[in-house]
Amino acid sequence: VPRPRPSPSARRPLRWRPPRGPGVPLLNPEPPSPTQPEKPPQPLWLLMILIPNTKITKQIMGSWAPIVFFSLVHLFIVIVSASQTDGTAPITEFNDVFAWQGLLSSENQAAMVGMMRYPNFVSEEWSHVLTWDFFVGRLIWLDGIKRGVFTCHSVLLCNLIGPPGLLLHSLTCLLYGKAPLPPTIDLIPDFMDEEEKGEAQG
């Protein structure tokens with residue numbers, strides 16, 4: 001008995017389609033991935049980690065342009081989220097994250113977990129955290145260039161888990177016999193010309 005042939009549509013592989021509806025980010029052309037928001041800054045992180053003293057790294061990371069760019073990306077996500085119907089979490093739930101519930105209370109953490117139900121909130125918070133981690137990682141790299149301190153390990157740790165990278169850099173500076181956290185003006189490296197230094201100071 002001949003078997004019926006499947007229709008052409010049945011033989012087509014299933015393709016993921018972005019979900020539609022309130023509260024779903026517009027910035028979602030691919031299937032969700034836990035590492036998706038981390039991809040854009042990674043090439044710049046690699047410059048500071050793998051080739052921190054090269055001319056190309058100094059040209060790219062010596063500018064404020066990367067920080068400004070990712071800040072604009074974050075602002076765009078915030079605007080898109082806020083403009084969607086039900087795109088933002090109810091303000092009462094947001095307030096519960098910061099409300100004082102007692103020193104040992106777990107209610108704030110529970111409120112934060114509840115906020116994670118909203119995809120737009122996750123997108124905003126993730127881009128927020130990644131931008132600040134990138135900002136601090138760049139400062140660590142600048143300080144290393146300025147004062148001759150090895151920073152690859154500290155920048156890598158900052159990329160992975162954020163603030164401990166700054167603590168590791170401070171410890172490294174102490175091992176070099178230098179102050180752990182220099183004045184901000186000392187973070188401006190010598191490879192920047194006088195005009196750029198004046199702008200940074202202003």
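This is a predicted model: local features need pLDDT of at least 70, side-chain atom pairs count only at pLDDT 80 or more; totals for chains, interfaces and linings use all residues.
**Entry 1. Thr-172**

I began with the surroundings of Thr-172, which touches Val-149, Phe-150, His-153 and Ser-154, residues up to four places away in sequence being left out; contact here means heavy atoms within 4.5 Å. Numbering starts from 1 along each chain as its sequence is written, and side-chain values use heavy atoms, with hydrogens and water left out.

I located Thr-172 in helix H9, residues 164–175. Helices are DSSP runs of H or I with at least four residues, strands are runs of E with at least two, and both are numbered from the N terminus. Thr-172 is buried because its relative accessible area is 8%; the classes are buried under 20%, exposed over 50% and partly exposed in between, with a 1.4 Å probe and protein chains only.

I then looked up the polar contacts of its side chain. One is with the side chain of His-153, at 2.8 Å. The Thr-172 side chain also reaches the backbone oxygen of Leu-168 at 2.8 Å. A polar contact is a pair of N or O atoms within 3.5 Å; within protein, one must be able to donate a hydrogen and the other to accept it, and residues adjacent in sequence count only if both atoms are side-chain atoms.

**Entry 2. Overall composition**

I recorded ten helices and zero strands for the protein. From the N terminus on, the elements run α-α-α-α-α-α-α-α-α-α. The protein has 202 residues, of which 33% are buried. Among contacts with a separation of 6 or more, 62% are between residues 24 or more positions apart. The accessible surface comes to about 13,600 Å², and carbon and sulfur atoms hold 65% of that surface; areas come from the Shrake-Rupley method with a 1.4 Å probe, and for residues only the protein chains shown count as cover.

**Entry 3. Helix H7**

How many salt bridges does a search of the whole structure find? I found one, in which the side chains of Arg-147 and Asp-143 meet at 2.8 Å, N to O. The criterion is a side-chain nitrogen of Lys or Arg within 4 Å of a carboxyl oxygen of Asp or Glu. Arg-147 and Asp-143 are separated by about one helical turn because they lie four residues apart in helix H7, residues 119–147. I noted that Arg-147 and Asp-143 are both buried.

Ile-145 also lies in helix H7, and its relative accessibility of 18% is why it counts as buried. I computed 8.1 Å between the C-alpha atoms of Ile-145 and Pro-52, which are 93 residues apart along the chain.

**Entry 4. Nonpolar cores**

I looked next for nonpolar cores, that is, sets of buried Ala, Val, Leu, Ile, Met, Phe, Trp, Tyr and Cys residues joined through side-chain atoms within 4.5 Å. The largest has 15 residues, and those touching the most other members are Leu-44, Trp-45, Met-48, Met-61, Phe-134, Trp-141 and Val-155. At least two residues of this core come from each of helix H2 (42–50), helix H4 (65–83), H7 and helix H8 (152–161). Another core, of five residues, lies apart from it and includes Val-97, Ala-111, Tyr-118 and Phe-121.

I also listed the neighbours of Met-48: leaving out residues up to four places away in sequence, Met-48 touches Thr-57, Met-61, Phe-134, Gly-137, Arg-138, Trp-141, Cys-152 and Val-155.

I placed Asn-108 in helix H6, residues 107–115. Asn-108 counts as buried because its relative accessibility is 18%. Beyond residues up to four places away in sequence, Asn-108 touches Asp-96, Val-97, Phe-98, Ala-99 and Gln-101.

A polar atom of the Arg-117 side chain lies 2.8 Å from the backbone oxygen of Gly-114.

I found a nonpolar surface patch of about 550 Å², made by Trp-64, Val-68, Leu-72, Leu-75, Val-78 and Ile-79. Patches are made of residues with over 30% relative accessible area and no salt bridge; like charges are joined within 9 Å, and nonpolar side chains (Val, Leu, Ile, Met, Phe, Trp, Tyr) within 5 Å. Ile-79 belongs to helix H4 and is exposed because its relative accessible area is 51%.

Leu-181 lies in the loop between H9 and helix H10 (194–201) and counts as exposed at 55% relative accessibility. Leu-181 touches Leu-166 and Ser-170, with residues up to four places away in sequence not counted. I computed 8.9 Å, C-alpha to C-alpha, between Leu-181 and Asp-143, which are 38 residues apart in sequence.
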